Amino acid sequence: MSRLLPEFAQRLLCSIAFVIFLSLTILPGASWAYASGLGVTNGHLSSCPASNNCVVSQDADSKHAIDAIVYHVDRDTARETLLKVLNVVPRTEVIEQTDNYIHALSKSRIFKFVDDVEFYFPPNESVIHVRSASRVGESDLGVNRRRIEQIRLALLDLKI
């Protein structure tokens, strides 16, 4: 009997933690889901929703703002280098690419939640504008911001 009580308590705590996680991340913002527009419109990536699960380098408020990625090579080299980096980012797949735009999907490790990760290469500028947003939930616990910063560091290491 005394052995069953700690096991039961551990399972109960895990169940409670899981319910809290779901209520904080998925359920409140599920209606937003995949409704936001993706891509480039009038030279801009879409803005972020009010939820805390998105970052963007163009026209963002302080909560959602992230710096664009600056490069010092020609645009095609920067683009090809970014594609190589994205090919090694875990659980990430490039699903669309043009001369000035890349759209990738990145899935979370455990629950397989999908994030849209976008990169825009504006003409006559040596920057890559970025947007990374969760499709569902209210919070991503900073995952989208960390992902972009890791990609930025990888590109810096590759001296773009």
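## Overview

Of the protein's 160 residues, 39% count as buried; here buried means under 20% relative accessible area, exposed means over 50%, and partly exposed lies in between (1.4 Å probe, protein chains only). Please keep in mind that this is a predicted model, in which local features need pLDDT of at least 70 and side-chain atom pairs count only at pLDDT 80 or more, while totals for chains, interfaces and linings use all residues. Residues are numbered from 1 along each chain as its sequence is written, and side-chain values use heavy atoms, with hydrogens and water left out.

The secondary structure comes to three helices and eight strands, where helices (H or I, at least four residues) and strands (E, at least two) are DSSP runs numbered from the N terminus.

## The nonpolar core

In soluble globular proteins, nonpolar side chains tend to be buried together. The largest nonpolar core of this model has 21 residues, and the members that touch the most others are Leu82, Phe119, Phe121, Ile128, Ile151 and Leu155. Such a core is a set of buried Ala, Val, Leu, Ile, Met, Phe, Trp, Tyr and Cys residues joined through side-chain atoms within 4.5 Å.

Which elements each supply at least two residues of this core? They are helix H2 (75–88), strand S6, strand S7 (114–120), strand S8 (127–134) and helix H3 (143–157). H2 gives the largest share, five residues.

## Salt bridges

Side chains of opposite charge can pair when their charged atoms come close. The whole structure holds five salt bridges, each defined as a side-chain nitrogen of Lys or Arg within 4 Å of a carboxyl oxygen of Asp or Glu. One of them joins Arg147 to Asp115 (2.8 Å, N to O). That pair links distant parts of the chain, with Arg147 in helix H3 and Asp115 in strand S7, 32 residues apart. Arg147 is buried, because its relative accessible area is 11%, and Asp115 also counts as buried, at 7%.

Another salt bridge brings together Asp116 and Arg135 (2.9 Å, N to O). Here too, distant parts of the chain are linked: Asp116 belongs to S7 and Arg135 to the loop between S8 and H3, 19 residues apart. Asp116 is buried, with a relative accessible area of 3%. Arg79 and Glu80 form a further salt bridge, their closest N and O atoms being 2.9 Å apart. Arg79 is buried at 11%, whereas Glu80 is partly exposed at 41%.

## A positive patch on the surface

Which residues gather in a patch of positive charge on the surface? They are Arg91, Lys107, Arg109 and Lys112. Patches are made of residues with over 30% relative accessible area and no salt bridge, with like charges joined within 9 Å and nonpolar side chains (Val, Leu, Ile, Met, Phe, Trp, Tyr) within 5 Å. Lys107 sits in strand S6 (residues 101–107) and is partly exposed, at 41% relative accessibility.

Most residues other than glycine have a negative phi, and most peptide bonds are trans. Arg91, in the loop between H2 and strand S5 (92–97), has a positive phi near 55° and is partly exposed at 37%. Lys112, in the loop between S6 and S7, has a positive phi near 60° and is partly exposed at 47%.

Definitions and conventions
Areas by Shrake-Rupley, 256 points an atom, 1.4 Å probe, with all protein chains shown as cover. Lys, Arg positive; Asp, Glu negative; His and termini not counted. Charge placed at Lys NZ, Arg CZ, Asp CG, Glu CD.
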